Amino acid sequence: MFEQPVIAFENVTKTFGNVHAVVDNNLAVKAGEFLSILGPSGCGKTTSLRMMAGFEQPSSGAVSIQGQNMTGVPAFLRPVNMVFQHYALFPHLNVADNVSYGLRQRRPKPADAELAKSVADALEMVRLSGYEKRRSYELSGGQQQRVALARALINRPAVLLLDEPLAALDRKLRREMQIELQNLQRNLGITFLLVTHDQEEALSMSDRVCVMREGRIVQIGSPRELYDKPINSYVAGFVGKANFFVGPKADTVLCVRPELLEISATRKTLPQGLADAFDVTVLNRIFLGEHTEYLVRHESLGDFTVLSPRKSEHASGVFDIGDKAAVGWHKSAAQILTTT
Amino acid sequence: MNDAKHSRTLTALLLAPAGVFFVFLLVLPLLVMLVYSFGVRAPEGGYQAAFTFDNYLNLPARGKAFTNTLLLAPLATALTVLFAYPMAYFLAVKVSPRWRNAMLVLVVAPFWTSQLLRYYAWMMILGSKGIPSWLEWIGIADVRLLNTPYAVLIGAVYGFLPLMVPPIFVSLEKLDKRLLEASADLGSKPWQSFLQITLPLSLPGVATGSMLVFILLMGDYILPQFLGGGKVYFIGNALVDLFLQSRNWPFGAAVSIALVIIMFVTMYFYMRFVLGKTDQRRVAMV
């Protein structure tokens, strides 16, 4: 049975003057999923989001939300809410008035007691109870982020749009917020649509990831699909780390993930049954805790990286810069991908 | 250590010109005025040392000047805001950045010509050969504008618009457009967004502009002189008369001190009203 997508793009194109921001995109966001749009800056991901929110109108094609064509429907009438990159909290209003803003726009206006209750619930949800009277400039970045979330979620939108919401936070806080966002999404059952340039963020949080490049959608799939079966070298390179070697035909490359490479002191000590094995020189070593990353050089393959897990270091050994070593991979680890 | 000392010296040096200016041109003259206001008029005019409250008790003799000023200055300020706000909004929001600066210069351009010249022009426009004669031509007879409070109001709005527009323009221009997107995203219609977001966040600009215009109007005497024709008499005109005509310096000083006190009290409550409501004192202090 075909389930109606909560947001659908049909041949959506958006141009700004000569710039093609989004080119002929078709996208179906499933109800209840956590979908990320991933791509470098300028790939059209934010423009796509802004067309969903109603801040931009497509140059051609149509956006529909919950089966309704949104052409010409202004932002204030759309059943979606957005968390802005720099939060865009209203500086002249306190936390409670920021959070209740959406409810206060409704007619008839909800009663004060009802508003206070909703605000208290929303703040509890983002673990900011008791912050009602604070001003946005009195809050840390992470707290502002939570207020922005509460302000959007209190309206129970059909889709929550998140525009690089974690970009301004430091690494540790970002990790915490990622987990919190995931939990919120699961508990509320609201569709989340996140725009990010951070592949780690996209992979770790999303049910599905949509990779964009130069205004076009390159691939949509679960994080595992994108990682294991990238459709081309662009996706392989953008989603996780990858080594590319000269492919068998023109416009193809051989792609091997660094963690699927085996490293050992000599070819003889490498595990059995490898498809290929090479003698290399270690150029650099980066200790990453659970992994050690080696940059190695082979005389004809060139430079590439190998991730050696801490767990197997007792077998593979630890190498210093300048050491000779042997590297190999299983047949299943190598994929032939088209270049773009 | 040495650096801190160095920067303190530098701060003192940088503040010195302003400090000297304030002490010699503001604080000292005010003190002189205060002392004079308790004196008596010398027989040939001017000041004679004494200590009496008569000058202050005599203030109601210039009551008309006070009521005129206290009625017309706030009214004219409010009218100027009403005219300036849409202009500033148009410039900051609607006009493309290419033309913005040029248009802002046009707003301020009247300042390049003499104030007297501009008031003479308004005397022509509002005088019997100006607007009243055109009105008569379409059948509305016996309209008097010149030498009435209306002429003073028109002149004030015209004259002080260039002072009111820029501060409002600045506060509107630096308004983060994403706040309006956020407001729309949360279900607010454009007009509601204006009332709930744009207007409160531009109040510091309105406050700055009104303060400038209000203070200048309170002390103005040329505008009421020219367009009020001596009939719409401001405190400024009273002061000119007292100091230059009747040479009653102590009484003039008392009127001046009263004006200063009124100005302070009004400004204090005005700022509290406008800025206290939105808790933007820190913004307005810029």
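**Close-up views of a predicted model**

**View 1. Helices α8 and α9 of chain B cross at roughly 155°.** The axes of α8 (residues 177-185) and α9 (residues 190-219) of chain B come within 10 Å. That makes α8(B) roughly antiparallel to α9(B), a label for angles over 145 degrees. Axes are lines fitted to C-alpha atoms, for helices over the stretch in contact, and angles run from 0 to 180 degrees between N-to-C directions. Helices are DSSP runs (H or I, at least four residues), numbered from the N terminus. The model is predicted: local features need pLDDT of at least 70, side-chain atom pairs count only at pLDDT 80 or more, and totals for chains, interfaces and linings use all residues. Residues are numbered from 1 along each chain as its sequence is written, chains are lettered from A in the order written, and side-chain values use heavy atoms, without hydrogens and water.

**View 2. Side chains where α8(B) meets α9(B).** From α8(B) come Leu179(B), Leu180(B), Ser183(B) and Ala184(B). They meet Ser193(B), Ile197(B), Thr198(B) and Leu201(B) of α9(B). By class, this contact has five nonpolar, three polar and no charged residues. Here Ala, Val, Leu, Ile, Met, Phe, Trp, Tyr, Cys and Pro count as nonpolar, Asp, Glu, Lys and Arg as charged, and the others, Gly among them, as polar.

**View 3. Domain 1 (7-235) and domain 2 (244-338) of chain A.** The bounds come from an automatic or database domain assignment. The C-alpha centres of the two domains lie 39 Å apart. Eight residues of domain 1 of chain A are in contact (heavy atoms within 4.5 Å) with seven of domain 2 of chain A.

Technical notes:
Helix = DSSP H or I, 4+ residues; strand = E, 2+ residues; numbered from the N terminus. Parallel < 35°, antiparallel > 145°, perpendicular 65-115°, else oblique.
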